[in-house]
Amino acid sequence: MKRTWKVQTWRRFIIAFVGLYLIVPLYAMFDFSTKPYGFEDTGRNLRAWRVIPSQPDLALAVFRSLVSAGIVMLLILFLIVPTVIWVQLKLPKLRRPLELLCLIPLAIPAIVIVVGISPIYRWISINVTESPITLAGVYSMLILPYTYRSLSASLDAVDIHTLAEAAQSLGASTFRMISGIIMPTIRTGIMNGSFIAIALVLGEYTISNILNYKTFQVVISQIGRSNGSVAVSVSLASILFVLILLLLVPATKHRKEILDVDNI
Amino acid sequence: MKSSTYVQLMDLAKFFGKVKALDGLNLEIAEGELVALLGPSGCGKTTALRALAGLQELDRGQLIVDGKDVTFQNANKRGMGMVFQAYSLFPHMTARENVEYGLTLRAHKTASDKRKARSSELLELVGLSTHANHYPHQLSGGQQQRIALARALAISPKVLLLDEPLSALDAKVRTQLREEIRRIQLELGTTTLFVTHDQEEALSIADRVGVMRNGQLEQIAAPSELYDRPVTAFVAEFVGLTNPISGTVNGGKIEVLGSVVHTLPGSIETGIGIALVRPENINVVSSNAGNATVFSASFLGASCRLSILLNDGMHVTAQLPSSEVVGLGAGAPVAVSLLDMPVFVKSNK
């Protein structure tokens, strides 16, 4: 009895501590964004929030970043997911090399990646397009460590070999087996990986800034140089936006509760 | 049951490195027949079944089903219904959707109402029509395997392949389900290949049981024949219990424990050999002048198993109907002889 009470107290304490750790900075941001700014303000107000829509380049930058995130998501769905499934099913010997390959972006600092990749982007911007949407290419590489982990964890959690063989014996082609059976089975893993990737793309600053592309974070930082309150309000808004996106993942995980399990 | 050959496995060979999983396996299955492949792990039984399903490529051999060579046909074109050892229901689909899955893949997609009728029929057949809308995680292991069976049968498979479908289940469910598999198989007349390492399972439901060893078939016969008339020492020892008792073979007969019995074909022909005697073929009677004493007795319900210590220091196991062992407790003096049943005799080397 006493032990349960102790455990419960500890649990509450830890949850409260973690909650504070996460919420205090967000509150501080909100607090800062509503403080009087300049001589014309007299008290707390939401001016920094109201001017968000009128910021130059911001709407376009948000749009570009979202399009990049969308392209990254498509690449995950149509390239990375089938590749990881294929390797797991048919080429198990390539699992370790693929895992290592996918971890590389984590080991190399973003600044080093930029140095390596900038000639390619210089060429693209001269010969193909200057659109920041092309950043989706380098982003899809940056997200690999997180997406791969999430996919491989959910693939390990189910016996995909048996599921694949069951689908094939019932008449499914390889395409239908992957798209109709394996992908829905690891849906949660795919969604987790995709949302982490979106959060990463929307929050990426170093690469786009050095390559001189005006993405969401780059524009926020530019705004911050002229008006701190607005920059903080935009940042907070973007954090809340991504947070809502991430909260959508567990919502899709929801399954019916176990109704009954009989003996046979 | 028709007697024509429906499935033919001819000279199948498959090597995994140096391991011979299949080494010239030949097997014929008649239409509507249930054949069980039995053998220790690594004997190649699952490889044979997977080869027939198209899930395992072969190094050599030919597979004929219903007169057509399917050796190089893809698994998804073979029309085999398979139930796996591991739970294999698609977790994101309900029981009904699982059963209907094979029908949705047909070239001429079965109409939705026909599909529903077919899945209802099969769910009824496996006794789970009330669970049609349950997801696999809401079903017990036994229920999941029943749905898997219904799913495999939904496509009206040419051959039903069962790859140890009961081994993950507990003993009671196992017995119930194996009987149900047999009932359904007889009802539908589906040609079935059943792979198991559990001899009781194989002997109780199969029309014929094939015992495999090192990638080859040692013997294939009706369960009673396999048990009573094994053609190799491996089959005799693998199927059921045996007492290895040495004796002298002469002219197709062997003298064991003072009794002379016939030897089975395949036994050694002369010299000293080891007779493989079934416990129930040992006759035990209470006798003060006997050649043995009861060492211990274990009650098995309808029968009783006695461990008997012979005067020469050897232990043998005998199995008798419980009604005949009254007074034969531990330490009781007994006379042991053999019933007049032919035995298999292996070389003593």
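**Exercises on a predicted complex: chain B**

H2(B) and H4(B) pack with their axes 7 Å apart, at an angle of about 25 degrees. The model is predicted: local features need pLDDT of at least 70 and side-chain atom pairs count only at pLDDT 80 or more, whereas totals for chains, interfaces and linings use all residues. Residues are numbered from 1 along each chain as its sequence is written, with chains lettered from A and ligands numbered from 1 in the order in which they are written.

**Exercise 1.** Classify the packing of H2(B) against H4(B) and describe the contact.

*Solution.* Step 1: axes are lines fitted to C-alpha atoms, for helices over the stretch in contact, and angles run from 0 to 180 degrees between N-to-C directions. Angles under 35 degrees count as roughly parallel, over 145 as roughly antiparallel, 65 to 115 as roughly perpendicular and the rest as oblique. H2(B) is therefore roughly parallel to H4(B).

Step 2: the crossing of H2(B) and H4(B) is right-handed.

Step 3: residues are in contact if their C-beta atoms, placed from the backbone, lie within 7 Å. From H2(B), B:Ala95, B:Asn98, B:Val99, B:Glu100, B:Tyr101, B:Gly102 and B:Leu103 meet B:Ile147, B:Ala150, B:Arg151 and B:Ala154 of H4(B).

Step 4: seven residues of this contact are nonpolar, two polar and two charged (Ala, Val, Leu, Ile, Met, Phe, Trp, Tyr, Cys and Pro count as nonpolar, Asp, Glu, Lys and Arg as charged, and the others, Gly among them, as polar).

**Exercise 2.** Describe the side of chain B that touches chain A.

*Solution.* Step 1: 23 residues of chain A are in contact with 28 residues of chain B.

Step 2: at least two residues each come from strand S6 (80–83), helix H2 (95–104), helix H4 (141–154) and helix H5 (171–188) of chain B. Helices (H or I, at least four residues) and strands (E, at least two) are DSSP runs, numbered from the N terminus. H4(B) gives the largest share, three residues.

Step 3: this side of chain B holds 15 nonpolar, 11 polar and two charged residues.

**Exercise 3.** Which strands stand at the edges of the sheet in chain B?

*Solution.* Step 1: the open sheet of chain B has five strands in the order S15-S19-S16-S17-S18, with antiparallel pairing (strands pair if DSSP finds at least two bridges between them).

Step 2: strand S15 (282–286) and strand S18 (315–321) of chain B each have a single partner strand, so they stand at the edges.

Step 3: S15(B) pairs with strand S19 (residues 333–338) of chain B over five bridges; B:Val336 in S19(B) is the bridge partner of B:Val284.

Definitions and conventions:
Two residues are in contact if their C-beta atoms, placed from the backbone, lie within 7 Å. A crossing is left-handed if the near helix is turned anticlockwise from the far one by less than a right angle, and right-handed if clockwise.
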